[in-house]
Amino acid sequence: FTACLFGEIETVKLVLKSFPKTIRAKGPHGFTLLHHAEKGGADALEVKEYLMQLGAIEKRIALY
């Protein structure tokens with residue numbers, strides 16, 4: 001899912017509407033969607049702002 005973060009706001013909205021808990025999901029290294037959107041820079045700014053509007057604050061979640 002993180003591959004679609006860069007400039008794919010409609011895809012992100014659709015996935016989060018269907019699976020709202022995904023906003024707090026962590027990847028295999030503990031990084032969240034917000035982390036990936038932030039790393040996407042200007043291309044993912046709209047996605048980052050959308051995630052933050054939904055309440056995303058964590059960028060990394062401990063694996064253990």
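These are my notes from looking through a predicted model.

**Entry 1: the core**

I started with the largest nonpolar core and asked which residues make it up. I found 11 in all: I9, V12, L16, I23, L33, L34, A37, V47, Y50, L51 and A56. Then I looked up which elements give two or more residues to this core, and got α1 (9–18), α2 (33–39) and α3 (45–53). As a reminder to myself, nonpolar side chains tend to be buried together in soluble globular proteins.

Next I picked L51 and listed its contacts, leaving aside neighbours within four places in sequence. L51 is in contact with V12, L16, I23, L33, L34, A37 and A56. Each of those names is also on my list for the core.

**Entry 2: α1 against α3**

How do α1 and α3 cross? Their axes come within 9 Å, and the angle is roughly 25°. Angles under 35 degrees count as roughly parallel, so I put α1 down as roughly parallel to α3. I also noted that the crossing is right-handed.

I then looked up who makes the contact. From α1 I wrote down I9, V12, K13 and L16, and from α3 E46, V47, Y50 and L51. Sorted by class, that contact has 6 nonpolar residues, 2 charged ones and no polar ones. L51 turns up here again, on the α3 side.

**Entry 3: T32**

I moved on to the loop between α1 and α2, where T32 lies. Is T32 buried or exposed? Its relative accessibility is 2%, and the cut-off for buried is under 20%, so T32 counts as buried. Not counting residues up to four places away in sequence, T32 touches A25, E58, K59, R60 and I61. I also checked T32 against K21, 11 residues apart along the chain, and their C-alpha atoms are separated by 12 Å.

G40 sits in the loop between α2 and α3. With a relative accessible area of 14%, G40 is buried. I looked up its C-alpha distance to G7, 33 residues apart along the chain, and got 8.7 Å.

Last, I checked E8, which is found in the segment before α1. E8 has a relative accessible area of 38%, so I noted it as partly exposed. How far apart are the C-alpha atoms of E8 and K39? They are separated by 14 Å, with the two residues 31 apart along the chain.

Definitions and conventions: Residues are numbered from 1 along each chain as its sequence is written. This is a predicted model: local features need pLDDT of at least 70, side-chain atom pairs count only at pLDDT 80 or more; totals for chains, interfaces and linings use all residues. Side-chain values use heavy atoms; hydrogens and water are left out. A nonpolar core is a set of buried Ala, Val, Leu, Ile, Met, Phe, Trp, Tyr and Cys residues joined through side-chain atoms within 4.5 Å. Buried means under 20% relative accessible area, exposed over 50%, partly exposed in between (1.4 Å probe, protein chains only). Helices (H or I, at least four residues) and strands (E, at least two) are DSSP runs, numbered from the N terminus. Contact means heavy atoms within 4.5 Å. Axes are lines fitted to C-alpha atoms, for helices over the stretch in contact, and angles run from 0 to 180 degrees between N-to-C directions. Angles under 35 degrees count as roughly parallel, over 145 as roughly antiparallel, 65 to 115 as roughly perpendicular and the rest as oblique. A crossing is left-handed if the near helix is turned anticlockwise from the far one by less than a right angle, and right-handed if clockwise. Ala, Val, Leu, Ile, Met, Phe, Trp, Tyr, Cys and Pro count as nonpolar, Asp, Glu, Lys and Arg as charged, and the others, Gly among them, as polar.
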